[in-house]
Amino acid sequence: MTQKRLLALVGAVAIFAAACGGSTATTAPTLAPGTTPGPETQAPPDGGLAAEQILRVDIAGEPPTLDPNKAQDSVSLTVLRALHRPLVYVSPDLEVVPALAESWEVSDDAQTLTFTIREGAMYSNGDPIVAGDLVYSWRRLVDPRTAAPYSYVMTEVAGSEALFEMDPEALPADAEIDAALEGLGVAAPDDRTFVVTLNTPATYFLSAMTLWVGVPIQEEWITSEGATEAANYVSSGPFQLDTWNHGSQIILTPNPNWYGEVKPTLTEIHMSMSPEPAQAMAAYEAGEIDMLLPVPSEDIERVKADPVLSAEYAEEPALSITYYNYNNGLNPQGTGPSDRCAEPADCPTSNKNFRIALTQAIDKESFKAVTFANTGIVAGTMVMPGIPGAIEDYEPYPYDPEAAQASMDLALQELGIASAADIRPLRFGFNTGSGHEPRVAFLAQAWLDTFGIETDQIGSEFGVFLNQRTAGEYDISRNGWGADYPHANNQIAGLFTCGGGNNDQQYCNPEMDALITEAASEPDQDRQRELYEQAGRIIADDAASLFLRWGASSQLVKPYVGGLTTTPMDSQVPGEHFYETIQMLERE
Amino acid sequence: MISYVARRVLWIIPVLFAVSIITFTLMHSVPGGPWDREKKLPAAVQSRLNAQYGLDQPLYAQYINWASAFVTGDLGPSYRYTDRRVNDIVADGLPTTVHLGVMAFLLAILVGIPLGILAALGHNKWPDYLSTSVSIIGISTPSFVLGILLIVFFSVQLGWFPTGQWRGPEYWVLPTVALAGFPIAVIARYTRASMLEVTRKDYVRTAHSKGIKNESVVSRHMIRNALIPVVTILGPTLAFLVTGSFIIERIFNIPGVGQFYINSIYTRDYSLLMAMTMLYAFAVAFLNVVVDVLYAYIDPRIRYS
C-alpha cells in the first residue's frame, strides 16, 4: 500500500471523528441522475453463470423502516425496491412503464386514470394482489393518522384536500377521518381495476406514481404485530425478506410468486449496513462486497490510478444537484422583503446584481475538479439533465472576474455602499462532518480574492444548520437536492415557488410561479417542457441560487457481477431498481 | 461493609435522576428535531408526528411522560427506526457491545500489566524503552486511526481478517485490538510507575536482604502491592471500554448499541438518546461502586464503615 493511500484513509476517518461523524443520515441522498441515461446492461459473457448466485452489497446503515407508505430515506428505498413494485415504474431511461398494471387509460380531461392489474399477480404469501389493496394503501398514505412523510404526492388525488386541511394537532374523530378517506378519489370496481380521480389534470402524477409509497399493501399484513420483521413480511416485488438482523444484515431471497417477466437469477442478496464509508470501501477491496455506491470522494483519485480498481470503476450520471443558497430576502407572500432584509444594505444578497457578481466570480469547472474529484457536470440551473424541462447548456453568468467586478460596482451603487470593503462579512452557513468544508473554503476564497468580501464561515451540526437555514439566518448556505421522481415539477415546485416548503433561499417570483402552475396542468408534453424550461431560465436569470454541479454516482462493480441495469436514480446500490436482472458470473 | 455497598448502590438513583434531567434539558435545547430532513417534511406531517409522539406538550410534561414510562422499563418508541421500540434496539445491540468491551478489557489487562512489569524490571534498559514506546503510541493514537490501520493491513492487504461485521471469532480480533490499544497503554504506564515505586520500599529491600529469590520477591512482594493502584483505574477503564466503543463499532460495522448512540444524537431520536445515556450513566456509576468494593478486598488497610 502506498503511503498516500494510507493517509487518505486516515484523513477520511479523522475528518469524520473530528466532526463526530453523522454524515450518513444528513446529506441529501445522491438520488440519481442523468444526462444520457441509457441502460447499462451487460450481456452475460461466454464464461457463463457462477454456481453460487449470491450478491453481496452494502446499504450504508440500518433501514429506518420497511413500511412502504412511511419510508422516505435512501437506505430504506434501496431495500424496498427489491421487495415491491408499484402500478407503474421507471425504465432505465426514465420513462414511465407498466409494472403491476399491465395497462392504463387516461380520460379525455386527463383527470381519471384507469389501471388494469396483471392477471394472476400474487404476493409472496400466495394471496392475489387485488385493486382493493391499492385503495387501502393509498388511503393509508394520505391518512393523517399515518403521518406519512410522502403523503404530499397524493395532493392531486380528488378528495385529498379534506384530509390535508385537517388540523394535525387536534384531529377530528376517527369516524370523520374515515368518512373523508371514503371520499378519496380511489376506487376498485373489481379486483383487477383501479381507478384514480384527480382534482386537476396533473400531468406529472404518473411520474409520482412510480414512487415506492403507492405499492399495494394488504391491510391484514401491515396492521399485524411486527409486520415489517422478516418472519411476517409480505412483498409484491421480485424478492422477499428472508432475514433482517437489525443493524447487521438483511438477506433477500427470490419471491416465488413474482409476476414479472424477468425472474431473478440470484438466489440470495446479502445487504450489510456499514455506517462508515471507509469501512465499506475496505470491504469492497477485500472482496467482501461485490459493488459499492458511492465511492468515497477521497478515494476516487486513488481508485482511478489503480490498475485493478480503475477497470471496475464507473461514473454514472445522477439526478442530484449541489447548489448554494443566496438569501434572496423576500417574504413568502411575494409582497416585499423579509423582515431580516428590510434594509437592503444590511442584506446584500437581496440585490440581484450582487448575486450575479458572486456567481460570476466562481470558476465552476475548477470548483468541480478541486472539490468533487472532477465528477459530475457543471450546472447553470436547477433541473438535472435527463429530465424533460432541463436546460443543460444554460449559463447566464459564466465565470468572468471582470464582469463580476462590473456587476459588483452596479450592486454597490444600488445598495448605497461605497466599496466592497464596507460590506459586513457575509454569513456563510454549512453543516460540518459531511465533507463540505473544502467547497465552502473554495467559494469564500474566490469572493475574497475577487471583491475583498469577507465571509463568516459558520459550520454547524446538521439539525442546527437546517433550522438556521430555514429561518433565513445565513446570507449564503449549502444546499443539495436529489430527485424523488424524474419530473421537473419535483425540482422546482416547493423549492423556488413563493413560500414553498423547501424554499430556504427566500426566493419569490410570481412570474415563475405562474409558469409552474400552468405547466402542472398542461397535458401537451412539448408545451409542458417549454414552460419548465422558461421557469428554469427565470430562476437562473434571477441568480436565485448558486447552481454548481449536477451529481454523478461513482461506483465500483466487480467484474463477475453481470446483468446490471443501472439508472440515474440509483443511490446506494448500482442497479437497485432492477435487482432481478443481476447475475453472478464465473470468476476468471 | 454491606451497608456501605447498599448506600453506594442507592446513590446511583439520584445520580441517574440528575443525569436524566440534564440530558433531557440539553437535548431539547439544541435546535432541530427528529423530523428535520434536507427535504423538509410538510408542516402538517411534522405537527401530526409531534402530536403522535407527545412532542407538542410542554417540556416538563414530556419529561414526566418519559420518566414514568422509564421506571416501568418502557424506553418508548424510536423516532427514527419507526417500526421499532427502543427496548428492542437496546436488547439487540447491548450484548454485542458488552462482549466487545469485555474482550478488550481482558486483552488490556493481559497485555498491559505484563508490559508494565517488564518495563519496571528492565528499568532504563531495552524492555523499558520498548514498553514505553508502545505506551506512547497507544496513548497518542486514537482508536479510529488504529482501527483503520488494522483494516488496511490485516484485511485489505493480507486478507487475514474480515474488514467488519460481528459473526464469529475471526470478526472479533481486529475491533478488540483496536479498542484495547489505549487501555493497554494506560494500564502499562500505571503498572510500570507503581512497580518502580514499590521497588524502593523497605519491605522489598528487606525481602531481598533475607535472601529470598528474586522471582519470589517480584511475584509475592512487588506485584501484589504494585497492582493496588492499578485496580483503581480498572473500573473507569471497563466503563470506558463498554461505553467507548462508539467509533470502533462504526468503523468495524459492528451491530452494537454504540453506533445507535451516535446516530440518535444526530437524528434527535430523543427516546433512544435518553435510553443510551441512562444505560451508560448506570454502567459508569455501577462499575465505580464495584471497583471501590474490590479495592477494599485487595487492600486490607482499606475499611469502609
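Tutor: Let's begin with a term: two residues are in contact if their C-beta atoms, placed from the backbone, lie within 7 Å. This is a predicted model, in which local features need pLDDT of at least 70 and side-chain atom pairs count only at pLDDT 80 or more, while totals for chains, interfaces and linings use all residues. Residues are numbered from 1 along each chain as its sequence is written, and chains are lettered from A and ligands numbered from 1 in the order in which they are written.

Student: Is Tyr326(A) buried or exposed?

Tutor: Buried, with 29 other C-beta atoms within 10 Å. (Buried takes 20 or more other C-beta atoms within 10 Å of a residue's own, exposed 12 or fewer, and partly exposed is in between.) Tyr326(A) sits in strand β12 of chain A, residues 313-326. Strands (E, at least two residues) and helices (H or I, at least four) are DSSP runs, numbered from the N terminus.

Student: And what domains is chain A divided into?

Tutor: Domain 1 (15-42 + 65-224) and domain 2 (317-551), with bounds from an automatic or database domain assignment. In chain A, the C-alpha centres of domain 1 and domain 2 lie 31 Å apart.

Student: Switching to chain B: how many helices and strands?

Tutor: Chain B has twelve helices and zero strands. Its C-alpha atoms fill a box of roughly 85 × 55 × 30 Å along the principal axes. Of the 305 residues in chain B, 40% are buried. Take the contacts in chain B between residues at least 6 apart in sequence: 73% of them join residues at least 24 apart.

Student: How do α7(B) and α9(B) cross?

Tutor: Helix α7 (169-199) and helix α9 (214-243) of chain B have axes that come within 8 Å and cross at roughly 155°. (Axes are lines fitted to C-alpha atoms, for helices over the stretch in contact, and angles run from 0 to 180 degrees between N-to-C directions.) α7(B) and α9(B) are therefore roughly antiparallel. Under 35 degrees counts as roughly parallel, over 145 as roughly antiparallel, 65 to 115 as roughly perpendicular and the rest as oblique.

Student: What classes of residues are in the contact of α7(B) with α9(B)?

Tutor: There are 14 nonpolar, five polar and no charged residues. (Nonpolar is Ala, Val, Leu, Ile, Met, Phe, Trp, Tyr, Cys and Pro; charged is Asp, Glu, Lys and Arg; the others, Gly among them, are polar.) Residues that meet there include Leu179(B) and Pro183(B) in α7(B), and Met222(B) and Pro229(B) in α9(B).

Student: At what angle do α5(B) and α7(B) pack?

Tutor: Helix α5 (126-140) of chain B packs on α7(B) at about 135°, with the axes 8 Å apart, so α5(B) and α7(B) are oblique to each other. Among the residues making the contact are Ser131(B) and Gly138(B) of α5(B), plus Phe182(B) and Arg189(B) of α7(B). By class, the contact of α5(B) with α7(B) has seven nonpolar, four polar and two charged residues.

Student: Last one: how many residues of chain B and chain A are in their contact?

Tutor: There are 49 residues from chain B and 49 residues from chain A. On the side of chain B that touches chain A, α6(B) gives the most, with eight residues. That side of chain B has 23 nonpolar, 15 polar and eleven charged residues.
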